[in-house]
Amino acid sequence: MLGFTLLGRNKAKSGRIGVAVGPDGWAIALAAPSGHLDFCQFYGPGTNMVDLINAVVEEHGWIDMPCSVVLHPAYYHLFLAECPPVEGDELSPAVRWKIKELLDFPMAEAAIEHFLLPDDAYRGRQKMLYASALRKTALKSLIAPVVESGLNVDCIEISELAIHNIIARLPDEAGGMAVVQLYDGEGFINLVEDGALYFTRRLDIGLDKFVAGSDSREFFDALLLGIQRSLDYYESQLGKGIITRLFYSPGTDATAAIGEYLSAQLGLGVSPLKLIDLDVFAAEPNEHLEHSVSAIGAALGPYSSEEANRAAS
């Protein structure tokens, strides 16, 4: 188990809990109503998550606290689709029908969430959205330990949007921003302008192919290709401006060579996604926070009402 705690073992009765679940471990974070992070801990793979979360919730007095659960990208599919020409309560059912042919299981068994892209994406030719989908049985199994712990799970989040909650809190940059999130075996890239998410794409390369201090040419070549394709698509198809800043995560000492390589190859301002840059900490951050960005993003929630451009079905 790899873990750390901010502010010791203070008990809290208000705020929001973020729990990120994944094959590479779980992270738990608590954001107070003030927007400051009061607790954050990461638990590596091999931990008995059922016993662990029960113990953490009981120890800190978190029964019935609101909780957002973040799913690792390995657990769901993400599709880009045209927005159906309907509004309001009709939109979610229409999205389900829109993507049914893309599913490899019956639509009745699917849990589906969607979020809309800004009106000027794709040069305003057609309103677009992303829809995530997984089997309802898989979703129930993933969140069952969290529900049974006594937390009030009122939101299921995907990693792309949880990370976006972090990016939206960074200082404004001239031009667009990119964030690359890497896991073992995969990753994704988000492209953002004026605090709005315009594009996201999965990357077919992960940290399992990267070893600091050794020859990781396969990793670097595949990562650069995925990023460059995304940047080119952003300009040519979405009709947006040039990305001028890129953040990568996890932004630890072990991944510093990734930033150095991307900076040299892309000609962008490249930086690790360091949560210390956010005004959300009431204690000195630990570098292992960088393994918990999804949980922290879920606990903090959307930065403003404009960011809450999502719907669930």
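Axes here are lines fitted to C-alpha atoms, for helices over the stretch in contact, and angles between N-to-C directions run from 0 to 180 degrees. This is a predicted model, in which local features need pLDDT of at least 70 and side-chain atom pairs count only at pLDDT 80 or more, while totals for chains, interfaces and linings use all residues. Residues are numbered from 1 along each chain as its sequence is written, and side-chain values use heavy atoms, with hydrogens and water left out.

## Helices α4 and α7

Helix α4 (residues 159-167) and helix α7 (residues 293-300) have axes that come within 7 Å and cross at roughly 70 degrees; helices are DSSP runs of H or I with at least four residues, strands are runs of E with at least two, and both are numbered from the N terminus. On the α4 side Ser159, Ala162, Ile163, Asn165 and Ile166 meet Val293, Ser294, Ile296, Gly297, Ala298 and Leu300 of α7, where contact means heavy atoms within 4.5 Å.

## Overall make-up of the chain

The protein chain contains seven helices and 14 strands. Of its 313 residues, 52% are buried, which is defined as under 20% relative accessible area, with exposed meaning over 50% and partly exposed in between (1.4 Å probe, protein chains only). Among contacts between residues at least 6 apart in sequence, 67% join residues at least 24 apart.

Five strands make an open sheet in the order β3-β2-β1-β4-β8, with mixed pairing; two strands are taken to pair if DSSP finds at least two bridges between them. Its edge strands are β3 and β8 (152-158), each of which pairs on one side only, and the twist averages 15 degrees from one strand to the next. Helix α4 packs on this sheet, touching β4 (66-71) and β8, and the direction of α4 makes about 95 degrees with that of β8.

Within the sheet, strand β1 (residues 16-21) and strand β2 (residues 26-31) run antiparallel and are joined by five bridges, with Gly18 standing opposite Ala29 in β2. Gly44 lies in the loop between β3 (37-43) and α1 (49-60), and Gly44 is buried, with a relative accessible area of 9%. Although Gly44 and His291 are 247 residues apart in sequence, they are 9.7 Å apart in space, C-alpha to C-alpha.

## Strand β7 and its partners

Strand β7 (residues 128-135) is mostly covered, since seven of its eight residues are buried. Strand β5 (residues 77-82) runs antiparallel to β7 and is joined to it by six bridges, with Met128 of β7 as the bridge partner of Glu82. Strand β6 (residues 110-116) also pairs with β7 in the antiparallel sense, over seven bridges, and here the bridge partner of His114 is Ala131 in β7.

The antiparallel pairing of β10 and β11 extends over seven bridges, with Ala196 in β11 as the bridge partner of Glu193.

Helix α5 (residues 217-236) has 20 residues and reaches 28 Å from its first C-alpha to its last, close to the 28 Å expected at 1.5 Å a residue, the expected span being 1.5 Å times one less than the number of residues. The buried residues of α5 are Phe219, Phe220, Leu223, Leu224, Gly226, Ile227, Ser230, Leu231 and Tyr234. These cover an arc of only 165 degrees around the axis, which puts them on the same side of α5; the arc is that of the directions from the helix axis to the C-beta atoms. On the other side of α5, Glu218 and Arg229 are exposed.

In α6, the buried residues are Ile258, Gly259, Tyr261, Leu262 and Leu266. Seen down the axis of α6, they fall within an arc of 165 degrees, so they line one face of the helix, and they pack against β9, α5, β12 and β13. The face of α6 turned away from its buried side carries the exposed residues Glu260 and Ala264. Gly267, which follows α6, has a positive phi near 70 degrees.
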